[in-house]
2 protein chains.
Amino acid sequence: MIIDSHAHVILPPERQLALMKDAGVNRTILFSTTIHPETKTNMADFEAELNQLYDILNGVKNPLQERVRSLAELAEVVKENPDKYLGFGPIPFGLSYQENLEWISKYILSNGFRGIGELAPGSGQTAKLEPLFEASMEVGNLPLWVHTFLPLSFDDIKKLLYLAKKYPTVPLILGHLGGIHWLNTLKAVRDLENVYLDLSATFTTIAPSFAIQEYPERTFFSSDAPYSSPLTARTILEQTVADKEVLEQVLGGNIARLLKI
Amino acid sequence: MIIDSHAHVILPPERQLALMKDAGVNRTILFSTTIHPETKTNMADFEAELNQLYDILNGVKNPLQERVRSLAELAEVVKENPDKYLGFGPIPFGLSYQENLEWISKYILSNGFRGIGELAPGSGQTAKLEPLFEASMEVGNLPLWVHTFLPLSFDDIKKLLYLAKKYPTVPLILGHLGGIHWLNTLKAVRDLENVYLDLSATFTTIAPSFAIQEYPERTFFSSDAPYSSPLTARTILEQTVADKEVLEQVLGGNIARLLKI
């Protein structure tokens, strides 16, 4: 089974299904999004859409309301095609242990979501995820998916890995493989068997190449659609990995095992 | 004709030719390199090879000597397959106008190289390239190829574009499309017709997609091998660009026109 382990909701929904079909993807782990850049066909509209993120950050739009709206959109898309999608639900950043538990109960478990993310802490903020690690453990170790490309420094990533070490039953997926810090990240996760590596946002193919060579059972194919396409992301891995059995695990087996698909 | 507009010397040379053949690349614009990470098959050796760059920066190895050595290696590879390669030669950073002219005469023109690069200024340093723009103009407008991924800020890129505006006959190739600043970079080069966009190091396919849509005559296919493969870089563009005529220009026509190949 080919599983795209990380893509955002694309509109219209038929387009997402068509992209999956193009790439021969059987299932997608779907994440919410507060913006829809894929619906914009020129640069000015695309930028205006991105700027809505700033409106949310700056309080021009209500962040909580936007998150709940995007979560409802995700739940609906997943519900319409339960054989195609599994959802990972978003959570506000910086909640207390109790608040995390309440949100997880109300918005994650009730929707049948199988993990939490995309979490996108700012630099200097990753340690604040500790109450979420605790809450995840409490509800049966829901996987956490954290964006680790910029703006995170390697120091931020190390603090995140410290939490993974402290809560070894909680699966932690490092989105984008540590970004520009991929080499140090690969060295740092050696003994952390609850840490998994998402292979999207590949600016050099050397990164997924070594990631898969070192951790063939902990690396996940993912498109991060709409920021890449499932077909392109799959093709990069097919052109990078020579061993067919390893490739099969990376393209689906590994995430299937983690999520018991 | 399919032209990979930016790749570094790969050892052994047969491997580079094989990678070109795999990708159906007819010609490659070849750049020197002081290190050969492609010869390393495990992460520790790869890191040791990268660390040699620090030895050069820190003066443990003589930077000028390493540059001259890499330049000779490039010249030899190009000379052995003049129907496959055109060279771009390196130049030390921060030379005066006169020193630039001397280096260009001694190492660039004498080897038949067709441009200068890869230039990799640090943040805050791009304005120091002005004497090189002047020298390039003096010798007939040799194209300059500048790395614009990290560590450059968008402010650094703007200073570079100021030089492109001041020296409108000197072709400037923005390596890696401005990196994480790709959207601002695309907006900033609108009226600078001597500025070209290198499409390597694609961490999101939205970047080359808009770059090509906006500047179909100024965008270049490039692998940045060994950091990606020519086949992967070509495939990404083939999967991103629907218009076959535009694709043909991006895959070769545009760089052929600039370098009169």
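The largest nonpolar core in this predicted model has 140 residues, and those with the most contacts inside it are A:Leu172, A:Trp182, B:Leu172 and B:Trp182. A nonpolar core here is a set of buried Ala, Val, Leu, Ile, Met, Phe, Trp, Tyr and Cys residues joined through side-chain atoms within 4.5 Å. Buried means under 20% relative accessible area, exposed means over 50%, and partly exposed is in between (1.4 Å probe, protein chains only). Have a look at A:Leu172: leaving out residues up to four places away in sequence, its contacts (heavy atoms within 4.5 Å) include A:Phe133, A:Leu144, A:Val146 and A:Tyr196.

Now for the rings. A pair of aromatic rings is described by the distance of the centres and the angle of the planes. Rings of Phe, Tyr and Trp (its six-membered ring) pair if their centres lie within 6.5 Å; planes under 30 degrees apart count as stacked, over 60 as edge-to-face and the rest as tilted. Over all chains there are 18 aromatic pairs. One of them joins A:Phe31 and A:Trp145 edge-to-face, with 5.5 Å centre to centre and 65° between the planes. A:Phe31 sits in strand β2 and A:Trp145 in strand β5 of chain A, 114 residues apart. (Helices, H or I with at least four residues, and strands, E with at least two, are DSSP runs numbered from the N terminus.) Both A:Phe31 and A:Trp145 are buried.

Another edge-to-face pair is A:Phe149 with A:Phe203, at 6.1 Å centre to centre and 85° between the planes. A:Phe149 lies in the loop between β5 and α6 and A:Phe203 in the loop between β7 and α8 of chain A, so the pair ties together parts 54 residues apart in sequence. Together with B:Phe149 and B:Phe203, these two form one aromatic cluster.

That brings us to how the chains relate. A rotation of 180° with 0.0 Å of shift along its axis superposes chain B on chain A (RMSD 0.0 Å), by least squares on the C-alpha atoms of residues with pLDDT of at least 70 in both. That is the relation of a two-fold axis. Of the residues of chain B, B:Phe203 comes closest to the rotation axis, at 2.3 Å (C-alpha). The copies meet through the same surface, because 100% of the interface residues of chain B are also interface residues in chain A.

A quick note on the bookkeeping: residues are numbered from 1 along each chain as its sequence is written, and chains are lettered from A and ligands numbered from 1 in the order in which they are written. Local features need pLDDT of at least 70 and side-chain atom pairs 80 or more, while totals for chains, interfaces and linings use all residues, and side-chain values use heavy atoms, without hydrogens and water.
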